[in-house]
Amino acid sequence: MTDNTPQHSLTLLGLGDMGAALARTWLAAGHRLTVWNRTAAKAGPLAAEGALVAASPAEAVAANGLVVVCLLDDASVGSALDGIDLTGKDVVNLTTGTPAEGRARAAWAEERGARFVDGGIMATPTMIGVPEAGGYVFYSGSRALFDTHRAVLEVPAGARFVGEDAGHAALHDVALLSAMWGMFAGISHAYALIEGEDIAPKDLAPLLSEWLGAMGFFVGNAAERLTSRDFTSGVVSNLAMQVVGSGTMLRTADEQGVSTELVSPYVDLLRRRLAADPAAHGGEDTVGALLLLKR
């Protein structure tokens, strides 16, 4: 924070691990911060660092035009802000939620005279205020609100605006987390396969990292094919080959006494795509199989 960086005033509702991390970065940057938490004791350490502690959500909201909310869930947001005058307020909701909850909360806020932006935090509390950690927040909703407060919002972590549909921040958040969980599942299955063998996990680790990095091309490949709907041009390892190869993977798991519950759903999806029309789909890239996921 340089001396010529303007100070801003804002309110933060919620002082859990993430909320407290956000609060400390704003305070360290010299911003005037009013905080509220349902468990008042959590505000004590922040008061010692310069935060103004409000006795109620209404008092906290009244203190500033910019109100950031980081609570347990959407229901907690509704409960905390119930009956409070939001006229003219800019509400930034960093509470984890679904796209539908983001859209509904945006409509709820706008009905009460507030501008609204929903956020999806792509960081752990320890990454907040640490630019080199690479954390950032997706924002969607009112572009005018985001543009007005972007400098403040970028203090804890990078800010990425992903559209005026208030549900898109949560959708981006969950899409990335879904890919992460799938990767974690595959890594877990890989380690389970060598459990009890004379192969040290620490020896497999660099091989896994290298291999997953090499397979990163699939991200861009899938995006291109889903855009063009061309699943057959330039295919290196087609769906029919992948389905045959999956048998070896499943048999190996059986030999090693490892459940296939983490990988079978994906294999089943590929088999369904192939079985639907072997002649039409056998030569495809595996990306086409994901069309079966859409209900």
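**A pocket and the aromatic contacts**

The second largest pocket has a volume of about 190 Å³. The model is a predicted one. Residues from several parts of the sequence line this pocket: G14, L15 and G16, then W36, N37, R38, T39 and K42, and finally C70, L71, L72 and S76. By residue class, the lining holds five nonpolar, five polar and two charged residues.

Aromatic rings were examined next. Four aromatic pairs are found in the whole structure. One of them joins Y136 and F138. Y136 and F138 are both buried.

W181 and F184 form another edge-to-face pair. Here the centre-to-centre distance is 6.4 Å, with 65° between the planes. Both residues belong to helix α7, which spans residues 168–194. They are three residues apart in this helix, and therefore about one helical turn separates them. W181 is exposed, because its relative accessible area is 59% and the cut-off for exposed is over 50%. F184 has a relative accessibility of 37%, so F184 counts as partly exposed.

Ring pairs also connect Y139, F146 and F161 into a cluster.

Charged side chains meet aromatic rings as well. The charged end of R160 sits over the ring of Y136, at 3.6 Å from the ring centre. R105 lies over the face of W108, 4.6 Å from the centre of the ring.

Key: Residues are numbered from 1 along each chain as its sequence is written. This is a predicted model: local features need pLDDT of at least 70, side-chain atom pairs count only at pLDDT 80 or more; totals for chains, interfaces and linings use all residues. Side-chain values use heavy atoms; hydrogens and water are left out. On a 1 Å grid over the protein atoms alone, a cavity is a set of points where a 1.4 Å probe fits but cannot get out, and a pocket is an open set with protein on both sides within 12 Å along at least five of seven lines; lining residues have an atom within 4 Å of a point. Grid points are joined across faces, edges and corners, and a volume is the space filled by probe spheres set on the points. Ala, Val, Leu, Ile, Met, Phe, Trp, Tyr, Cys and Pro count as nonpolar, Asp, Glu, Lys and Arg as charged, and the others, Gly among them, as polar. Rings of Phe, Tyr and Trp (its six-membered ring) pair if their centres lie within 6.5 Å; planes under 30 degrees apart count as stacked, over 60 as edge-to-face and the rest as tilted. Buried means under 20% relative accessible area, exposed over 50%, partly exposed in between (1.4 Å probe, protein chains only). Helices (H or I, at least four residues) and strands (E, at least two) are DSSP runs, numbered from the N terminus. A charge sits over a ring if NZ of Lys or CZ of Arg is within 6 Å of the ring centre and within 35 degrees of the ring normal.
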